[in-house]
Amino acid sequence: MISWTIPGRSFNDQPVLGTIALSLVPGESHCLIGPSGFGKTTLLNILADLDIDGVKAEWQDGKPHIGYLFQQPRLLPWRTLKENLLLVKDDPAAVNEMLEAVNLKGYGDYYPSRISLGMARRAALARCLLLEPDLVLMDEPLVSLDAPTALQMRKLIKRLVCDHPTRCLIYVTHDLEEALQMGDRISVLGGKPAQLVFSASSGELSREILEHKLQEQFNSVA
């Protein structure tokens with residue numbers, strides 16, 4: 001079980017996040033949705049110890065090993081894909097194996113400027129998973145991808161993360177269909193300051209229910 005509490009977050013004395021607590025069982029994928037500007041990325045940054053003011057999450061049973069897949073691939077442009085991954089794990093065999101796992105076999109010597117955004121996202125996923133994380137954080141990993149590329153990326157995430165027996169995932173998205181496909185559980189972040197205002201198993205939900213829950217949050221701050 002991975003359990004954490006965020007004690008709240010303010011910017012310029014304005015509360016953005018309230019107290020938020022969540023627990024994930026081994027192998028669980030949890031999608032987080034909510035209106036823009038309600039602190040979803042801020043929440044992920046706190047979990048990853050990347051908050052600019054040093055706000056920390058409180059972990060019940062010790063902090064897990066975390067991997068973070070950002071919206072942008074953040075590959076070093078002066079290094080090849082293989083060199084980018086070797087910075088994370090200095091094991092050429094493991095790097096080659098991971099490049100093959102994300103369908104980038106044969107592209108290890110390419111520089112980021114020579115590949116598409118979809119390929120760069122796959123390389124970033126490989127880099128994330130080379131950390132062998134217990135908890136993976138993903139911030140809209142399919143944004144700006146065309147439909148076929150997004151489908152390929154979704155299948156990779158399903159196979160390498162969601163179907164992993166012990167690895168947990170917190171997945172932020174604005175796409176409700178994506179949330180229903182990727183999450184075992186879906187939570188809505190809303191309110192001022194933002195909190196988890198709704199949570200349910202994805203099997204109990206539909207797009208219409210999620211649209212209604214989101215509209216409630218838009219109406220509450222209108």
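Is R207 buried, exposed or partly exposed, and what is its relative accessible area? In this predicted model, R207 has a relative accessible area of 31%, and it is therefore classed as partly exposed, since that value falls between the limits of 20% and 50%.

The side chain of R207 takes part in a salt bridge with E211, for which the N to O distance is 3.0 Å. Both residues belong to helix α7, where they are four residues apart, or about one turn of the helix. E211 is likewise partly exposed, its relative accessible area being 36%. A salt bridge is also formed between R207 and E177, with the closest N and O atoms 3.8 Å apart. This pair links distant parts of the chain, as E177 lies in helix α6 (residues 176-182) and R207 in helix α7 (residues 207-221), 30 residues apart. For E177, the relative accessible area is 36%, and this residue is partly exposed.

Across the whole structure, a search finds seven salt bridges. One of them joins E132 to K89, the closest N and O atoms of the two being 2.7 Å apart. Because E132 is located in the loop between α4 (117-130) and β8 (135-139), while K89 is located in the loop between α2 (81-86) and α3 (92-101), the pair ties together parts that are 43 residues apart in sequence. K89 counts as partly exposed, at 24% relative accessibility.

Key:
Residues numbered from 1 in each chain as written. Predicted model: local features only at pLDDT ≥ 70, side-chain atom pairs only at ≥ 80, totals over all residues. Heavy atoms only, no water. Salt bridge = Lys/Arg side-chain N within 4 Å of Asp/Glu carboxyl O. Helix = DSSP H or I, 4+ residues; strand = E, 2+ residues; numbered from the N terminus. Buried < 20%, exposed > 50% of the residue type's maximum accessible area, 1.4 Å probe, protein only.
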